[in-house]
Structure formats: structure tokens, C-alpha cells
Amino acid sequence: MNSSSAVIVARDVRLTLGGVEPVEILRGIDLDVSAGESVALLGASGSGKSSLMAVLSGLERATGGQVTVAGLDFGALDEDALAVARRGRIGIVLQAFHLLPTMTARENVAVPMELAGMADAAARAIAELEAVGLAHRLDHYPTQLSGGEQQRVAIARALAPRPAIVFADEPTGNLDGATGARIIDLLFDRQRASGASLVIITHDPGLAGRCDRTLELADGRLL
Ligand SMILES: Nc1ncnc2c1ncn2[C@@H]1O[C@H](COP(=O)(O)OP(=O)(O)OP(=O)(O)O)[C@@H](O)[C@H]1O
């Protein structure tokens, strides 16, 4: 694969945590993800999937190797610069929706873009909430929304800044089967419409089969 068109380039990425008895969580990951590509990340519980996602999304720093995402060399940025640079480039959807309870759906989507200094944050938030089917729920608070609706807000929040890549960690884990299936359809629809790459952690082989490529982690290494 041509690295120059890759949105994620990971080279010999390592994550070792702990002091006296260090734990090697990631043991030399090499990975390229192309623009617009969807990749499923499978692996047993404890194999390192969430840790790899944390490192590739800039939430956690690798303790070895290189990570370049959307043209950003994570190792060359300090914490503040990395936090600013991640906004707008990297979208994240988690199992527990992580919406701010004191903000409406519209505010949950708009405020991160406002903090990132995007001029059209309010309009983009409304457009993206309409795209995920929540035009009628703009001013509802998270407690007034169903689980599926909350995850739609989280998807809108992740996609609205038009990131180069979206990471999703078991995005249907808190939803019933039918609602989860609709959320996955929506996530793929929005990903394709936006041209973003998608890395999705899942235990579901059916979902993995819908991605362009499947990767499997075992004991901190890609098989
Ligand atoms: N802060 C930490 N300190 C020490 N070990 C940790 C830390 N965080 C995670 N681990 C360990 O790293 C390993 C990988 O964890 P991780 O959450 O990435 O796995 P996972 O594949 O996402 O698992 P699951 O499918 O259960 O969510 C596990 O053995 C876990 O106990």
C-alpha cells in the first residue's frame, strides 16, 4: 500500500504500562489505513483493541514506534498541540455514548466545533443531526433520548467536523439488536458520504464482514 495516501500509518507501535512490573500491551503494531477505507478490528478480550484505538486516536501516547494520523506525527506534538490537532481530524464513537448531560443534542454536536474555532459550527451541527434522522430532537437533552437516539447524536458529533478518520469502539454494545443494526447502517452511510476512513472494534463477525478489511489482534500483535 502507498503510505502517502494512508490516513493512518503506524510503525512498530508499542505500549508498555506500569512501573515495577511493566505490562506490554501493544508489541509492535504495523498498520496502514487508506483514505475512505473501513477496517474491522477483532480480537479476544484483553488482546489490546481498545489500547490500539487509544493510541491511534491520540488519547494515549505510544511508548515506542511512530504514529501518523491525517498527516499529524503524534510523536512530534506536545499534549496541547495534539489535543488541538485531533479536533476536527479524528472522530470517536464509544459504546457508552458519552454525551454531556447538561447540553442538548444540538449543543453536544456544536460545542466541540465551536471550541475548535469552526465558524459554521451551529449550521453544521444542525445539518449533521438532520442527516442522522434527529431533526425533531435538536433541543432534547440526553436523558430525553433513547439509547439509539443518543448514539445517533454521538455519530453526528463525530462526523460533523468532517474528520479524516472515525474510530468506533463497539458502538452497538449498549443497544438491542434491531437498534444496533440501524446504527451500524447509519454509521456506514455517514462514513461513505463523508469519505472518512473508519476503524471499528467489534466482536461481531457479520459487522466485520461489511468492512473493506478485517484485522485481528492477539496478545498485543496483529495476526
Ligand atoms: N492502564 C493499564 N495498566 C495496565 N494494564 C492495562 C491498562 N489498560 C489496559 N491494560 C491491559 O492491557 C490489555 C489490553 O486491554 P484492552 O482494553 O486494550 O483490550 P481489548 O482487546 O480492548 O479488550 P475488551 O475486548 O475486553 O475490551 C489487557 O490485558 C488490560 O488488562
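The residues of the shell around the ligand divide into three nonpolar, eight polar and one charged. Here Ala, Val, Leu, Ile, Met, Phe, Trp, Tyr, Cys and Pro count as nonpolar, Asp, Glu, Lys and Arg as charged, and the others, Gly among them, as polar. This is a predicted model, in which local features need pLDDT of at least 70, side-chain atom pairs count only at pLDDT 80 or more, and totals for chains, interfaces and linings use all residues. Residues are numbered from 1 along each chain as its sequence is written.

Among the residues surrounding the ligand are Leu17, Val23, Ile25 and Lys49; a residue is near a molecule or strand if its C-beta atom, placed from the backbone, lies within 6 Å of it. Helix α1 (49–56) and strand β2 each supply at least two residues of this shell, and the largest share, three residues, comes from α1. Helices (H or I, at least four residues) and strands (E, at least two) are DSSP runs, numbered from the N terminus.

Now for the sheets. Strands of a sheet pair through backbone hydrogen bonds, either parallel or antiparallel. Two strands count as paired if DSSP finds at least two bridges between them.

| Open sheet | Strand order | Pairing |
|---|---|---|
| Four strands | β2-β1-β4-β5 | antiparallel |
| Six strands | β6-β7-β8-β3-β9-β10 | mixed |

In the six-stranded sheet, β6 (90–93) and β10 (221–222) stand at the edges with a single partner strand each, so one side of each has no neighbour in the sheet. Four bridges join β3 (residues 38–43) to the parallel strand β8 (residues 197–201), and serine 38 stands opposite leucine 198 in β8.
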